[in-house]
Amino acid sequence: MNSTAAPPLDSPPGSSPEPGISEVMKHLPYFCRGKVMRCFGPGSKQLGIPTANFPEQVVDNLPHDLSPGIYYGWASVGNGDVHKMVLSIGWNPYYKNAKKSVETHIIHTFKEDFYEEILSIVITGYIRPEKKFSSVDALISTIQDDIEEAKRQLDLPEHLKLKEDNFFHVPESKIVNAH
């Protein structure tokens, strides 16, 4: 159900220099799948930008040297349509998270929550490193900029072709609640 890779790098942000783009890109595209879990943090509700969160086991299976930061790619819930997405990998410094997380914002409006559903993502590109913000307004503004950058990048042919990847066709036995 989860990604396959080496154990995670468990050091907090700021403990290593900013990654070079070639270091980040060596893992991309990166295919990952898991159940959406309920998050107990205030982030999505306070920001007005909903995210789907993967359980620890999926996060723990990320490549150990995949840099914390903001990425973009494609996402699908169950066997539903494939949508553009932007995601954060890291500790979310504004909220001082103690555990590394992967939070996916699907650029689509869903009619209902999809906790416990299978989320499939393909990470195709990197936007920026994770950083600390002085205010929630600055954080929201930057996230909106990240979303716009993801939309622009995902319209490029090299990213658009991954929208049709067979990875997004989950076997029916793996689908939860008919999604």
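How many salt bridges does the structure hold? The structure holds 6 salt bridges, a salt bridge being a side-chain nitrogen of Lys or Arg within 4 Å of a carboxyl oxygen of Asp or Glu.

A word on the model first. This is a predicted model, in which local features need pLDDT of at least 70 and side-chain atom pairs count only at pLDDT 80 or more, while totals for chains, interfaces and linings use all residues. Residues are numbered from 1 along each chain as its sequence is written, and side-chain values use heavy atoms, with hydrogens and water left out.

Let's look at some of the pairs, including these:

| Salt bridge | N to O distance |
|---|---|
| aspartate 65 and lysine 26 | 2.9 Å |
| lysine 84 and aspartate 155 | 2.7 Å |
| aspartate 146 and arginine 128 | 2.8 Å |

Start with the salt bridge of aspartate 65 and lysine 26. These partners sit 39 residues apart, aspartate 65 in the loop between helix 3 (56-60) and strand 3 (69-77), and lysine 26 in the loop between helix 1 (21-25) and strand 1 (30-35). Helices (H or I, at least four residues) and strands (E, at least two) are DSSP runs, numbered from the N terminus. Aspartate 65 has a relative accessible area of 26% and lysine 26 has 46%.

Next, meet lysine 84 and aspartate 155, joined by a salt bridge. Aspartate 155 is partly exposed at 47%.

Finally, aspartate 146 pairs with arginine 128. Here aspartate 146 is buried at 5% relative accessibility, and arginine 128 is buried at 13%.

Technical notes: Buried means under 20% relative accessible area, exposed over 50%, partly exposed in between (1.4 Å probe, protein chains only).
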